[in-house]
Amino acid sequence: MSATPLTFYGFPLSGHAHRVALMLSLLNVPHRRVDVDLPGGEHKRPEFLALNAFGQVPVIDDNGTVVADSNAILVYLAMRYGGQAWLPSDPAGAAAVQRWLSVAAGPLASGPATARLITVFGAPYDADTTVARSHALLGVMNAELAQRDYLAGAHPSIADVACYAYVSHAPEGNVSLADYPHVRAWLDRIEHLPGFVPMARTAAGLQAA
C-alpha cells in the first residue's frame with residue numbers, strides 16, 4: 001500500500017467517478033476523496049486541468065502517479081492493488097475484460113449514460129434514440145449474463161465495475177430494467193460483494209414517481 005492515502009477526485013452523481021469509488025472500496029484502498037464542483041466549472045480551471053487536460057472526473061493521484069479516465073484508473077488500481085483477481089493476465093481473460101471496457105466506453109456511454117444525462121442534467125440529446133440504444137445493449141447483456149454470473153467470466157472483474165453504475169441507474173434515464181432478469185440478477189450480485197458502495201440516486205426518469 002501507499003505511504004500516504006491516494007487522492008480521488010470525483011463527483012457524487014457521476015457514474016464514471018462511481019467506478020473508481022467502487023473499486024477503491026472493493027480493494028479496501030485507503031484514500032482521500034475530493035468532490036470537484038462540476039456545476040461551478042472547477043474541472044475547467046487551471047489547477048484541475050493540470051491533473052487532466054480533458055477537464056473531466058475522475059482522476060486519482062497515487063503519491064505522484066496521476067491517472068485520469070475511469071477505465072484507465074480501474075486498470076491501474078487492479079494491477080497496483082488487486083493482483084490478478086480483478087484483471088486476468090492470461091490473453092483470453094484480459095481480452096474478455098477489455099471487450100467490456102470497450103462496451104463501457106461505447107454502447108454504455110452512448111446509451112444508458114447519455115439517457116441519464118438527458119433527464120438528470122438536461123443534456124441536449126435525442127431521448128428516443130438513446131433509450132432505444134440502451135435497450136439494444138441491455139438485450140445483449142441479458143443474453144450473455146444468462147450464460148455466466150459476471151460479464152467476463154465466473155468471477156467479478158473490472159469489467160463489472162466499469163458497467164455497473166450506468167446500468168443500475170438506467171431507470172433514471174427512462175430505461176426500464178424490467179425485461180432483463182439476468183441483468184438484474186447481475187446487479188444484485190455486484191451489490192452483495194464485500195465492500196460494495198452505492199452511487200447516489202436521483203428522482204429522475206422512471207425514478208421520479
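Predicted model: local features only at pLDDT ≥ 70, side-chain atom pairs only at ≥ 80, totals over all residues.
Of its 209 residues, 47% are buried. Its C-alpha atoms fill a box of roughly 45 × 40 × 25 Å along the principal axes. There are eight helices and four strands, and in sequence order they follow the pattern β-α-β-α-β-β-α-α-α-α-α-α. The radius of gyration is 17 Å, close to the 17 Å from the globule rule for 209 residues, so the chain is as compact as a globular protein of that length. Now take the contacts between residues at least 6 apart in sequence: 69% of them join residues at least 24 apart.

Next, the sheet. In what order do the four strands lie in the open sheet? The order is β2-β1-β3-β4, with mixed pairing. β2, residues 31-35, and β4, residues 65-68, are at the edges; each has a single partner strand, so one side of each has no neighbour in the sheet. On average, neighbouring strands are turned by 15° against each other, direction ignored.

Look at β1 and β3, the latter being residues 59-62: they run antiparallel and are joined by three bridges. Tyr 9 has Val 59 in β3 as its bridge partner. Helix α1 packs on this sheet and touches β1, β2 and β3; the direction of α1 makes about 150° with that of β1.

Now the inside. In soluble globular proteins, nonpolar side chains tend to be buried together. Here, the largest nonpolar core has 56 residues, and Leu 77, Met 141 and Trp 186 have the most contacts inside it. Elements that each supply at least two residues of this core include β1 (6-10), α1 (15-26), α3 (70-81) and α6 (127-145). Which helix gives the largest share of this core? That is α7, with nine residues.

Let me pick out Leu 77. Which residues does Leu 77 contact, leaving aside neighbours within four places in sequence? They are Leu 6, Val 20, Met 23, Leu 24, Leu 27, Ile 60 and Gly 82.

There is also a second, separate core of seven residues. Among them are Tyr 9, Phe 11, Val 34 and Val 59.

Conventions: Residues numbered from 1 in each chain as written. Heavy atoms only, no water. Core = buried A, V, L, I, M, F, W, Y, C linked by side-chain atoms within 4.5 Å. Buried < 20%, exposed > 50% of the residue type's maximum accessible area, 1.4 Å probe, protein only. Contact = heavy atoms within 4.5 Å. Pairing = 2+ DSSP bridges. Axes fitted to C-alpha atoms, helices over the stretch in contact; angles between N-to-C directions. Rg over C-alpha atoms; globule rule 2.2 N^0.38 Å.
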